Amino acid sequence: MPIARNHLLIRPRAIALAVCCAMLSCSGVATAQDANAAQNAAQTWSRCEGADTNLSIAACTALIQTGQEDAENQAVALNNRGIAYANKGQHDQAISDFSKAIELKPDYAGAFNNRANAQSSRGEFDQAIADYNAAIRLKPDDADAFNNRGNALRALGQIDRAIADFGQSIQLKPENPGAYSNRGGAYADKGEFAQAIADFSKAIQLKPEYAEAFSNRGNAYSDSGQIDLAIADYTQAIRLNPADAGTFYDRGVSYLIKTELDRAIADFDQAIRLQPDLAEAFNNRGVAHHGRGEDDLAIADYSRAIQLKPNFAEAYNGRCFTRALAGQLELALADCNLALILRPNDPANLERRGLVYLKMKNPEAALADYTAALRINPKRASSLYGRGLARQMAGDATGAIPDIAGAEIIQPGIAEQFVKWGISPANPKRAQP
């Protein structure tokens, strides 16, 4: 039964926005006769530079519209208003403000960095990298710009260049846990899990409450087969951030791999409560329900996963298999056909449809599917055994013997697995080498 192994957690990107204070004294500031005006101006600048997005937008807008600020201070106000818009998810307005700030102050490194961040948030990574390049040219010691450019490069699949940028960010700012975590994610992308784990561990050392780093290190442990260590990290991440659906999902996958089905289902339940549209959690909960013999629940979960994600090949595969074992052969065949449309060269999909054809007493179709699966993976024991059964069903006893015997060498006990699925050799004695 295919488990959706993809981790739901999106590794954090630790994007740093460059907040600036007024670069020059504000126009209209203090004279002996106008202390109130000076105080009001200072309060407005404080709000413009503050963390409250709505207050910041209002205050920065007031400063921009007074007509009393010089070009540099207008650029600062536009930059800070852009940050507030970005923090509200209003990236078009943010980019407009950062662009106006750059027009007023062409050497404004912070505005280039911030516009790049907003472009990255919209998935415009090529444009973002051009702006990060400008920010770095203007301010070569900006650790955050290197870190942010590394994230954009990683999103484009340029992993080695991303690792180099994260390394430069760390060199400039050695105590930044986000850069270590981001570099760890890039190493994990390359399958270099030891280096990834080392970087996530350093991030945790620098920031012991860093829930994302625990989750990310858990992913690296899981992907390198260290499931118990993965579960320990996911558990710590959940303690630090119990509202993260992705970490519950990932821990559920780890429990599923260990066949601790009750725990897996409990984690998938929680992931779904936190994120009701999490199709992967429904799929994997279906796998767990099937493992407990709860096929009605499994089919319901696969169906919900497909409803949420209509191109979810694994869910069609799982529902095909479960329906096949439940004797719903026509429905199973339809599901396997859809899985193969979505993933035509997936041996698991070919193998499942081969099983359906065996149960439908169609050995020629089963033989074709198992043979196709074996062309992709010649060492797949279940495909080899299934092909042997298809040959036997078609009357080719001589051809069946080496397939069945070879499968049992690769995976002792494979015959018992097929018996559980309701299929066994017509003459077991003939299947012996």
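Here are a few friendly notes on the disulfides of this predicted model.

1. Ground rules. This is a predicted model, in which local features need pLDDT of at least 70 and side-chain atom pairs count only at pLDDT 80 or more, while totals for chains, interfaces and linings use all residues. Residues are numbered from 1 along each chain as its sequence is written, and side-chain values use heavy atoms, with hydrogens and water left out.

2. The count. Taking a disulfide as a pair of cysteine sulfur atoms within 2.5 Å, the model has two disulfides. If the bonded cysteines are numbered in sequence order, they pair as 1-2, 3-4.

3. The Cys-48 and Cys-60 link. The S to S distance here is 2.0 Å, and with 95° about the S-S bond the link is right-handed. Cys-48 sits in helix H1 (residues 35-48) and Cys-60 in helix H2 (residues 53-66), so this pair ties together parts that are 12 residues apart in sequence. Helices are DSSP runs of H or I with at least four residues, numbered from the N terminus.

4. Burial of that pair. Cys-48 is buried, at a relative accessible area of 1%, and Cys-60 is buried at 0%. Buried means under 20% relative accessible area (1.4 Å probe, protein chains only).

5. The Cys-320 and Cys-336 link. Here S to S is 1.9 Å, and the torsion about the S-S bond is about -80°, so this disulfide is left-handed. Helix H17 (residues 313-325) holds Cys-320 and helix H18 (residues 329-342) holds Cys-336, so the pair ties together parts that are 16 residues apart in sequence. Both Cys-320 and Cys-336 are buried.

Definitions and conventions
Helix = DSSP H or I, 4+ residues; strand = E, 2+ residues; numbered from the N terminus. Buried < 20%, exposed > 50% of the residue type's maximum accessible area, 1.4 Å probe, protein only.
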